[in-house]
Amino acid sequence: MKHLYPKNGQVILHVDMNSFYASVEVSYEPSLKGKPIAIAGNVEERRGIIITCSYEARALGVKTTMPVWEAKKLCPTLAIIKPNFERYRKASLQMFDVLRTITPLVEPVSIDEGYVDITNCYELGSPLHIATEIQKKLLHNLQLPSSIGIAPNKFLAKMASNMKKPLGITILRKRDVVTKLWPLQVDAMHGVGKRTAEKLNTINIQTIEDLAKGNDVQLRNLLGINGIKLKERANGQDGRKVDPEAIYDRKSIGNSTTLPHDTIDDRKIEKVLQKLAQSVGQRLRRKHLVCQTVQLTIRYANRKTITRSQKLSNPMSDDEMLFSTGLQLLKSHWDEQPIRLLGITAQNLLEKETASKQLDIFSFEDDAREEPLANTITQINEKFGKDTIKRGVKVNKSNDYGDNESGTSFEKDFFL
């Protein structure tokens, strides 16, 4: 089968599990197969939000982030299930074990998707045959459906896996980019979120073709180096390798901001700190990571910069814990000189689903309740824009301050 593989190039698979949480529940309870089901963090109809749902539910209009009461109105027979993260973690580990029976070159991206480099697997058959066998094993051995993209690089493989769901296998070659990708709206492109798409629209980039033909200077001015990288992707170019160790390389995630004015007003400083904690927390959850250490950066008006860190008793990604830890560090180490810049960094990161957390006997129920809430807030903010929903943190009220990107309020915003 070597003749079916490129002489100088890669063959990459992107394996994406279909409606993963819902599919795992069906694998444990076969009577749910073919029925509309949804996973919700809180099963009380007036308060719950849909985390994910089966394709049968989607066909009836049920969507992620939809309130449970609205979903039940659309689909009265909808089965609502509380999330079981230990169950999903176990299924994820089994899924990646199946992929590693083909090759050790497997790069997990999240709990339910990963890349597989099969460039040197020609003795096992054609790329299409290998993808088909993987899909069959996942379905028959684990009762979990998947979609697989086959392409010469990671970006095209990711785009391909999204083209046919559920249980699809799609081949996407570089020569297909013009006909299959370019006509799509730019927000359909992997790596282009709602906010980035809106920015691109301001320079009249509406489709992937527009991006592929975009002006380098405009793109760099608008999005920095990322603008150039997105243009390369839009042209089907992606030189990244499949790296099995990549998931362990994430050392830190942080955010900092220069205040509009140097200040010693502790209320204003706390407000900036809270916004930074929310940003870092959302990024951690989006990448399915938790941190073991929180670092605070303070730059004074005279440009002197200090960093102080605190090791946590349990790995976490919660906004409020990031904020409270950062605030504790601030109170311990700030010398009350005017502050010019603040930053919070989550360090010593771990993949969330494999992090071992030693839960306190009195707090484990609270942790379990916080899990779906934090994930849902992240999903809603990604879908509708940053700060659509924010966690309330008890601090003194003050006027908005330090808002370089968008407004932030210290008042509690309730949506439950």
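**View 1. The whole chain and its surface.** The chain exposes about 21,000 Å², and carbon and sulfur atoms supply 48% of that area. This is a predicted model. The chain has 416 residues, and 49% of them count as buried. Its elements are 14 helices and 12 strands. Take the contacts in the chain with a separation of 6 or more: residues 24 or more positions apart account for 64% of them.

**View 2. The largest nonpolar core.** In soluble globular proteins, nonpolar side chains tend to be buried together. Here the largest nonpolar core holds 37 residues. Leu-13, Phe-20 and Ile-118 touch the most other members. Several elements give two or more residues to this core, among them strand 1 (12–17), strand 2 (37–40) and strand 7 (146–151). Helix 1 (20–28), helix 4 (85–100) and helix 5 (127–142) also give two or more. Helix 4 gives the most, with 7 residues.

**View 3. Around Phe-20.** Leave aside the neighbours of Phe-20 within four places in sequence. Phe-20 is then in contact with Tyr-88, Ala-91 and Ser-92, and also with Ile-111, Asp-112 and Leu-144.

**View 4. Helix 1 against helix 4.** The axes of these two helices come within 10 Å. They cross at roughly 95°. An angle of 65 to 115 degrees counts as roughly perpendicular, so helix 1 and helix 4 are roughly perpendicular to each other. On the helix 1 side, the contact is made by Phe-20, Tyr-21, Val-24, Glu-25 and Tyr-28. Helix 4 brings Phe-85, Arg-87, Tyr-88, Lys-90, Ala-91 and Ser-92.

**View 5. A second core.** A second, separate core has 29 residues. Its members include Ile-269, Leu-296, Leu-322 and Ile-339.

View 6. The strands are in the order 9-12-10-11, and the pairing is antiparallel. Strand 9 (252–263) and strand 11 (305–316) are the edge strands. Each edge strand pairs on one side only. From one strand to the next, the twist averages 15°.

**View 7. Strand 10 beside strand 11.** Strand 10 (residues 289–300) and strand 11 run antiparallel, joined by 8 bridges.

View 8. Helix 12 covers residues 266–286. Helix 12 lies across strand 9, strand 10, strand 11 and strand 12 (339–351). It runs at about 160° to strand 9.

Key
Residues are numbered from 1 along each chain as its sequence is written. This is a predicted model: local features need pLDDT of at least 70, side-chain atom pairs count only at pLDDT 80 or more; totals for chains, interfaces and linings use all residues. Side-chain values use heavy atoms; hydrogens and water are left out. A nonpolar core is a set of buried Ala, Val, Leu, Ile, Met, Phe, Trp, Tyr and Cys residues joined through side-chain atoms within 4.5 Å. Buried means under 20% relative accessible area, exposed over 50%, partly exposed in between (1.4 Å probe, protein chains only). Helices (H or I, at least four residues) and strands (E, at least two) are DSSP runs, numbered from the N terminus. Contact means heavy atoms within 4.5 Å. Accessible areas come from the Shrake-Rupley method with a 1.4 Å probe; for residues, only the protein chains shown count as cover. Two strands pair if DSSP finds at least two bridges between them. Axes are lines fitted to C-alpha atoms, for helices over the stretch in contact, and angles run from 0 to 180 degrees between N-to-C directions. Angles under 35 degrees count as roughly parallel, over 145 as roughly antiparallel, 65 to 115 as roughly perpendicular and the rest as oblique.
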